[in-house]
Amino acid sequence: MKKILRRVRSQLPLILLMLLTQSILAQKSINGRVIDKGSKSAIPNASVALKGTSTGTQTNANGTFTIKTNKADDVLTITSVGYDAIDVSLGSKDSLLIEMAPSNSTLNEILVTGYTAQRKKDITGSVSVVNTKELVANPGSNVESLLQGRASGVTVGTSGVPGAGASVRIRGFTTFNANEPLYIVDGARISAISDLNPNDIESMQVLKDASAAAVYGAAAANGVIIVTTKKGKGQSKVTYDAYYGVQSLTKKYDLLNTEEYGKYLLGLQKGIPGQTGTSFNLGQYNGGKTSTSSPVIPEYILAGTASGVQAGDPLADPNLYKLDLNDVNGNGTYLIVPANKTGTDWMDAITQNAPMMNHSLTVSGGTGTGNYLFGINYFNQEGIIKYTDYKRYSVRANTNFTVKNFLKIGENLQVNYIDRHGFTNQDEGNAISMAYRMQPIVPVFDLKGNYAGTRGSNLGNASNPFANLQRGSDNVDRKVGIIGSVYAEIAFLKYFTLKTVLGMDYGTSHYYNFGVPAYENAEGRGGTGNFNEGESFGYLTTWYNTLGFQKIFADKHDVKFLLGTEMVQGSGRDMDASTNNYFSFDRNFWQINSGLNTTPSGSSYEFRYRKYSPVIAKLDYVYNDKYLLSASFRRDGSSNGFGPNNKYGNFYSGSLGWRISEEYFMKDISWLNDLKLRAGYGYLGNDNIIDFGFLTTFEFDRGNASYPIDGGNTGFSAGLRHNGVGNPNVKWEEAYTTNIGLDASILDSRINIVLDVYRRLTKDLLYERQLDPTIFGNVDRQPTNIGEMTNRGVDLSVSYRADISGDFRFDAGLTFSLYRNEVGVIADPFFEGNRSRIDPFNRSVTGQPISSFYGYIIDGFFQNQAEVDAIEQSNEGIGKWRYKDLNGDKKITVDDRTFMGNPHPNFTAGLNLSATYKNFDFAAFLYWKNGGEIVNYVRYWTDFNTFQGNRDKRVLYDSWTPDNRNAKLPVLDASDGASGQVPVSYFVENGGYLRMKNLAIGYTIPTATMSRFGIERLRIYLQAQNLFTITDYTGLDPEITTQQVGRDDYRARRSDANSLGVDFGNFPTPRIITFGLNVTF
Amino acid sequence: MEISLLHVLSHLVLMLHSNQLLKKNHMKRFKKLSLYGLLPAVLIGMLIIQACKKSFLDAKPYGQYEASLVTNKKGLDALLIGTYGVIDGQGISGDGWEGSAVNWATAGVAADDAYKGTDANDQPQMTEVEQYKSQPTNRYFYNKWIVLYEGIARSNDVIRLGNNPDIEGLSADDKKNILGQARFLRGHFHFDAKRMWKNVPYISDTTTKYGNTTDIWPLIEADFKFAYDNLPATQLEKARVNKWAAAAYLAKVYMFQNKFTEAKTLYDLIIANGTSSSGTKYGLQDAYWKNFDAQFDNNEETVFAISSAASGTVDQTGEASLGLAFPYGGDFGCCGFFQPSQNLVNAFKTGADGLPLPTTFNNSDLKSDQGLKDADPYTNDNTTPLDPRLDWSVGRRGVPFWDWGPHPGYSWVRDQNYGGPFSPKKHIYSKKDMNTLTSSGWRNVTAKDVYIIRYADVLLMSAEAEIEVGSMEVARTRINLVRNRAKSPASWVTGAPANYVINPYPVAFASKDAARTAVRFERRLELAHEGHRFFDLVRWGIAAETLNTYLEKEKLKRTYKQTASFTKNKNEYFPIPSTIIEIAAKNGSTLVQNPGY
């Protein structure tokens, strides 16, 4: 034992815990060595187990192993990735030489599937296996966004925001609430996996149907993504992976320049119905005077308080210029801003070609008694929007010890430190939105190089986005996170395994930001500096304990069962302080204490994750490798979701498998290696609804329930308001899944097919229903079980591996996903999504897909007065849009709205091609989203008479005129405040696209050359991501995420129903050209 | 029970520890048993027991109170304060201006006193209202509806809890006082809804289904009658409503139904005996402008006002509903809405006798700086006789604007060509009050109280009632009280380049019509921009003719008004929000849309 210990110490410098002291078994030792049948080289890390038991070990770097047994009739099962499994009878031999044959088949791969692991060929549920090698070949900041197109049945919505997460949907949408899957990393529940280092991932499985996921119960209704991080193996080695890439913007809005904007203003004035004037006031143009009908660009847009100032005006004397941040509205400030006569390209002003880089250094190794992996990672991505970035420094330490044949202990841990400048995506106040809300006449900088903006007349109310970004660059948003788990596994009584796993997702963040007086803005430039600082922390722990049993009876009956308990809990606190009135705006005074305000404000609050304490049971039975049965059960309670009557739910699933290829009548089909038919049915619960909605509660509210009841001017009394009306009967949402699948492996296992057809019926849908405000007032939405929804679909993945010659290898993989969603009978006639500046676009009704687009259909233009008179419509007139009169009553009312688009794609597909020729390797990945419409809400800002922002070119060149009667947009009219102010079909566009997500070429320098330098392997590669996109969509990027998705929403339940498929100006996915290298030594 | 990390580790340690202890004993057989069976069995058993403990899943929400926790005296009063918290219309639904108690963004711009202002593209929903093209989908009405019915729901919370016998220590007087205030507020919210939409449902503390085809005036009256009968004349805290506020509101409710006799009776009582909540006898303040200075809040003229507090970072209860309606330039920065109309400015012209010119005022425009920039020379017309209240109601170039110095004209207006040359004034803060009686964040949030009913309003309404069913001479006296206060030089803008000439009506009115014209015109002048004008016009039945006449001239100045036209028997009331109708239908109630929408 001491010897073992010494060896362990010498080889595993990271050992922290060695708890057990001595061996207690005295049995016969069997030594063996496992080698490759062809090359006769050693196979390290092969798994060696006593067949039908939980006792086992691994081969070391030399392929040798030692295992103890007390029975001569034991059989050893040896498995290793890439080889056919082999059974060896011990007999009386003390030492064995075992040769393994390489295999194309992946059927014996062991997959982690919820508290336990299974051979791929024994799986009867629906599980997508992500090819992690392909996944990490595509550099990106987080795992979620890399998943797109990599697993059938998985839909991903992303943005280009550095470090932001993505919305991941497994098999479409099944609930009105959040459709986020459950993430399990090394056994622990994680709130989001966006901070995980993709390079650390060993394997990734997506559990899609109830029979696969049921053991995870309540949280698994939207599917489960199981991530296992890497383990060390074989001889100690060091790998270094690095890349450097440049990201660039691929598309911009096509907006007016300064001259065109003047023409547009003129058009607006001329277009006012009944306009008889011939000279017009065009704001800044013509010096703000009603003097001429052709726009004349002024020399200055601001000089002191004057706008539209012409050259030579004494008001624009540069000597008058002054700027005092403490007196931006008074006499201390006199700004002079020259007009940008050609036009500012605001998108250019805020974007850049942004570098991203990654350095990963990993040390790993392993023996039969333990393995370790230690890695450090530095990832730095700057955004294509200036001054946005995401830096991650992380350390990974994974260690596993086989302390005894019967005892394994280990841990998996990532500690990360994240420093970032984020971006509020899909928001009208962010830099992308401001870039089209700023007029081209406004320069970025004024006469003296200070910021220029909308200060002055008729420049709108946007704020200089470059100024906003640069001012935010010293703000801080940092986070320290710990994701990890520790486990112990004890094998006993030959067939039993006891496993305990404690997982933790911990995060603490710190932020501060300072606002200086934005002197250049039309609005909100006052103030005396404000400062805000806060901290928060939160944790989520999972502790589960399972008892496993596995035995093969009579050589044919392979029985496995698992019993377990689990506890999930977590909570967190937020603290925040803010003040204002700063004497100096210098960085040195960015603290609460430097604010001169006598009463800084502070707040703190606590939140709590839901707790669960389920009991788990699972049974797997295989008869003669031919007939498979799997069943699972979970009893779950939800602490925050439901009241005493409905707190607990019992969930179950069952599935059957039939390996037809094992039947005698199939044995002779030589091209068929394996064929399995699967069928499963399961029932899962979902408690994803507002916390404590079963209770009627009241809250003291300083914001909207307080009142200065004493009549004073400087203080107030806090009052109570009703929060919500509780629904004590709210209960688990129930999802019933039927899944029929086929796995086939043909042509010497070169072609593998996984096909699933499914139907998922969700009953008692949970929904936060708006109570009638006329009776209940503005109360919180009430959780209610409202109806049904059905999701049907097909998932298909096909992989092909050709081994044409020794020099040339070729692999292809295709994933195909299709789902059809239909809202069933629901309690209300409809449910609608969030309101933007205008009414909600999304509406869900019986018989339609969830969150379909709803509004007026544009039925051409009113071409003449007779057409105007023929129908009663608000905002009517010659050249205005005419809406379709659906009920034929010659009157356009709210009853003439209908469904005008579907945000769900017809199907999505991913095609992965990879090839190697000698030392070269190539990879290509194409992603195709067919159909699926997008509401291009950006048009609200750029296409209509909405605020005084910039306009799309089509507004000037394709608005209705008597000479252009088949235009895109209604007639220009300065008095038209109604066009585009309701959801109309004009906003809806085809959102389908085909994108070359990845194209890469790599070269591995011949080993012979490198080994002299002690380098085992050196590969360099060049890669292009998002090289091209074929789409009809006119927005920046058809790949959009749902609103406000990201890791900031630490606790938010991301409800898709509210803004699905609506593009509020999504941060586009950049094109990235990357150079990288992988070194192993 | 809570399971902490420490807890878990202690179990693991215990497990291993026991393992070692057993080994030390060299009890081979027992040891074997323990390792292979007993220990895991114990561990599993322990875990199952812990996991199944029901209390583990009993969680309570943080920071929220279950109903049982507020079923007491303190909770009852806190709920009442929470109901007062709704009157300002802010922070409930939508933006402050949409729920504003003075309805400036809807009824305000629909009247002849103000334009939307700012520029063409800002808040097009408001332009819709200004052009009498309001749509049922206009979100302003939706949010206003929600605000009012939230106020009603909170009033009902108080009424239900106040009648709950489980509340200990609630004296009969306390109960009457609290229920009186709650029913006053419930009446207030219903009243505001009634004048906005006419056909609105009444929601009591027991309503579960509703319709809007029954006239709810009797129910509103009942609430104010209850308040009048049960409220004390004085309150410990000044901002609580009292008996006399209820009387004045009830009289106003009568006036809206032309029940002049009932109104007159009440007004006589109020004028004879009425006091504010702090016990001060009702009267007019000595200077007109003091009504619009936060330092003089809660005075003898306060009948019912929205109490506001804002000082530095304490701004949650500041007056923000008018925050958009500040000049666009100067310290205010935003947002240039609610600009006074030329018609309103002209209305303040007087004859050489110091009396208003109700028929001829709009024949010519009072001189303004329209078309001029700050730097262009401009001199005010200081010969035309003017009512001094003009320069507290309207900011115009050259006239001192509170203590900010003379209004500079062009640079304080967002788009002069669009919204005219004038700025609103009454609710704008003074320089001296910056950061002390305003928020130090967004300073357009002020400590100025907003009047729902002030005593001048009571006097003028009572004069109307007198004209109809009482004495025209009494009416003249009451109108002259208001005019004389304005006549006092204390009510003038010091240093204004203007010729103020104002006098009381010297002789008896020639006829009932003349008297009506006088009192109606007086209301316009005295209460400009205080949330009355549109509803007064509708109440008098002269909205269509007055506003269409107004448009004839304004159209020539404001091109966007060219397509505007007031439709009689439609535009007197606003559309009931379509979403509200849909939600009502979903819940088994019925709301019928107003005629014409």
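View 1. The model is predicted: local features need pLDDT of at least 70, side-chain atom pairs count only at pLDDT 80 or more, and totals for chains, interfaces and linings use all residues. Residues are numbered from 1 along each chain as its sequence is written, and side-chain values use heavy atoms, without hydrogens and water. Helices (H or I, at least four residues) and strands (E, at least two) are DSSP runs, numbered from the N terminus.

**View 2. Helix 20 (residues 578-586) of chain B and its cover**. Eight of its nine residues are buried, so helix 20 of chain B is largely enclosed by the rest of the structure; buried means under 20% relative accessible area (1.4 Å probe, protein chains only). Among them are Ile580(B), Ile581(B), Glu582(B) and Lys586(B). The cover includes helix 9 (773-776), strand 41 (831-832) and strand 42 (842-844) of chain A, and helix 7 (139-162) of chain B.

**View 3. The open sheet of chain A**. Four strands run in the order 41-42-43-46, with antiparallel pairing. Strand 41 and strand 46 (898-901) of chain A are at the edges with a single partner strand each, so one side of each lacks a neighbour in the sheet. Strands 41 and 42 of chain A pair over two bridges (pairing requires at least two DSSP bridges). Glu832(A) lies opposite Arg843(A) of strand 42 of chain A.

**View 4. Helix 18 (residues 533-540) and helix 19 (residues 543-557) of chain B**. Arg533(B), Phe534(B), Leu537(B) and Val538(B) of helix 18 meet Ala543(B), Thr546(B) and Leu547(B) of helix 19, contact being heavy atoms within 4.5 Å.

Technical notes:
Chains are lettered from A and ligands numbered from 1 in the order in which they are written. Axes are lines fitted to C-alpha atoms, for helices over the stretch in contact, and angles run from 0 to 180 degrees between N-to-C directions. Buried means under 20% relative accessible area, exposed over 50%, partly exposed in between (1.4 Å probe, protein chains only).
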